[in-house]
Structure formats: C-alpha cells, structure tokens
Amino acid sequence: MTVSDLRATELRQRLGSTGLYFRTGAFTTCLITRLEQVESSFALLYADYPVVEGPYADFHVEVAPPRNLRRWIRPQVQFLSDGNSPFMELPRDQAFPVFEWGVNWCVSNNVHHFLIVHAAVIERNGRVAILPAPPGSGKSTLCAALIHRGWRLLSDELTLIRRSDSRVIPLPRPVSLKNASIPLMKAYAPGAVFSPSVRDTVKGTVAHMKAPADSVARAQETALPGWIIFPRYEAGVPLSLTAVPRTRAFMRTAENAFNYARLGVDGFNALAEVIRQSDCYDLRYSSLDEAIATFDRLANQATQP
C-alpha cells in the first residue's frame, strides 16, 4: 500500500491520531500533524511512498502549533522529534518546509552507521554521481534537472555511504528548490509536481518538487560510487569540467560531511574508498542542457569497454 491508496479521510485520521508510518529508503518515519498545509503537500509529494504498520519507526515526528500563548497572537509551527523541539518556532505558513527540514535533521543527527555527506546524489548505469556543494551553488537545481533527463534520484541533500562497503544508500525524497530555481524548473520539467511556494523563509521562497515514481520504487537499490563532481552555477560562463586531484577531493568532501569527525577512522576509510572509486571534477556551468550533456557523456564513457 502507498500513501495514494489511502482515502483522504483515512490519511487525515492517521496523521491526526497515532501517526502515519511511511517508508523512505532505509528509514521508516511516523508523522503526526493536524495542519492542513502539511497534510495536503504530504499527500501530493509522498503519494508513491509505501505505508507501513507501526508502532516501530526510525523517526517519530510531529508538526504542530506550539503550546503557548503566542500561537493565538502570531500563528506559528514547531517541529518535534520524539517529543522534543530541535528548532525555534517559525511562521505557520512554513509548516511543510519545516517538516522537510526536520526530517533532514533527524537523519543527519541520528544516523551514524552511515557516513553522511551534504550532497545531492544521482545514479545512471549502476554508478552514482555525488555533488557536494555549499548553498547557492545550484546543486539542487542541477539535481532536479538531471532526474528529469534520465538519472535516478537517490537524494538531493544527504548522501548516505555504507561504511562496510562504501555503497551509496538511496534516500529519495522531494527536491528542495529556492527562489529563481522554482520557475526555472517548472519550465524545464513541465510534467513535474510541485508543492505550493512558501515565501519569506530563512532560505527565501521555497518549494518542493516530487521525486520521480521510479526513484521511489527503486529506493532499496544501492549503487557504487562513480564520480564526485563539485558543481557551481555562474551566469554566462562557458561550461568547464576540470579534474580535481583525489587528495583535494577527499578534503573538500570531508568538509561537507556531517559526521566524518565523529566516525573517526571508520569515516576516513569509508570516504577514502569512495574517493578511490570515483573520478573527481569541478564543474562550472550556466546552461542546464550543457551540464546534463556532460553528465550523460561521463555515464556513457563509463559503460564503454
């Protein structure tokens, strides 16, 4: 059973009582909320995800109004994980982005049997491209474009590397887009499904794009590292793909890892194996079509004898 198999009344009843248990790749999450903004966007973007039975889940989360007097003066929302709130309260119209940010927090702060890198990750022909990059680099926009041109989404935010064999574990969830990227991707992928845009967040205007159904269906399929590509969007620049020495790529990727230092030698060994298996590049681009052609060329070269 998937979320789309639930009638609207049943979805609302589960979300508003003991919670809806659903599967995203390696994790089960239990979500409780009575907020219509979260319910409607969740039903839209998580329609293809498996519904599972409780009471066990990796993450028990709730998105709800705070229990204080301010909720009557200025409507707000808080994210709760196991009953605790890790973030400050935010305006209630930001409830769905708060849910998405909160689940990212749950994974990055609690899942230490994987090495976790802040990077988009996509797959083609059994090999993954890991895209570590700071905010504003165009990482999520490029990821969103690639998954609508034949690449499989593993994640647009969190690359999960299994420490035992350095395989990448899928975590396909909605792709977070900001500001000018939202109308750009609506034009570039007219068949894609988007949540309503939310303005005036700490990240500007935010919307989420539904993960392709095929990526969700293949969420148990791990893949081997193939490339580490550091993308950077720069308006008007010609495309360039420049090899990065593996030693430098190691340091730059480690800087983007949430738990590299915490894992110690295990984190070092896992990342070293990913770097050993990967070709490493800097990518500068201004055209999505040119960037995608470059990714496709790398994938095709990897399959040639």
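**Entry 1: a hairpin**

I started at the turn where strand 6 and strand 7 form a hairpin, with 2 residues between them. Asn125 sits in that turn, and I noted its positive phi of about 55°. A reminder to myself: this is a predicted model.

Next I looked up how the two strands pair. Strand 6 (residues 114-124) runs antiparallel to strand 7, and 6 bridges join them. I picked out one of the partners: Glu123 has Val128 in strand 7 as its bridge partner.

**Entry 2: the other neighbour of strand 7**

I then followed strand 7 to strand 14 (residues 224-233), to which it is joined by 4 bridges, this time parallel. Val128 turned up again here, standing opposite Pro225 in strand 14.

Is strand 7 enclosed or open? I found 5 of the 6 residues in strand 7 (residues 127-132) to be buried, so the rest of the structure largely encloses this strand.

**Entry 3: salt bridges**

How many salt bridges are there by the rule used here? The count came to 15.

Lys210 and Asp48 came up as a salt bridge at 3.4 Å, N to O. This pair links distant parts of the chain, 162 residues apart. Lys210 lies in the loop between strand 13 (204-209) and helix 7 (213-217), while Asp48 lies in the loop between helix 2 (36-45) and strand 3 (59-64). I checked accessibility for both partners. Lys210 has 18% relative accessibility, and because the cut-off for buried is under 20%, Lys210 counts as buried. Asp48, at 27%, counts as partly exposed.

Asp165 is partly exposed at 30% relative accessibility, and Arg162 is partly exposed at 27%.

**Entry 4: a network**

Arg218 has a relative accessible area of 25%, which makes it partly exposed. For Asp214 the value is 45%, also in the partly exposed range.

Which residues belong to the network that contains this pair? I listed Glu123, Arg152, Asp214, Arg218 and Glu221, joined by salt bridges that share partners. I was pleased to meet Glu123 again: it is the residue I had noted as the bridge partner of Val128, and here it is part of the salt-bridge network.

Notes. Residues numbered from 1 in each chain as written. Predicted model: local features only at pLDDT ≥ 70, side-chain atom pairs only at ≥ 80, totals over all residues. Heavy atoms only, no water. Salt bridge = Lys/Arg side-chain N within 4 Å of Asp/Glu carboxyl O. Buried < 20%, exposed > 50% of the residue type's maximum accessible area, 1.4 Å probe, protein only. Pairing = 2+ DSSP bridges.
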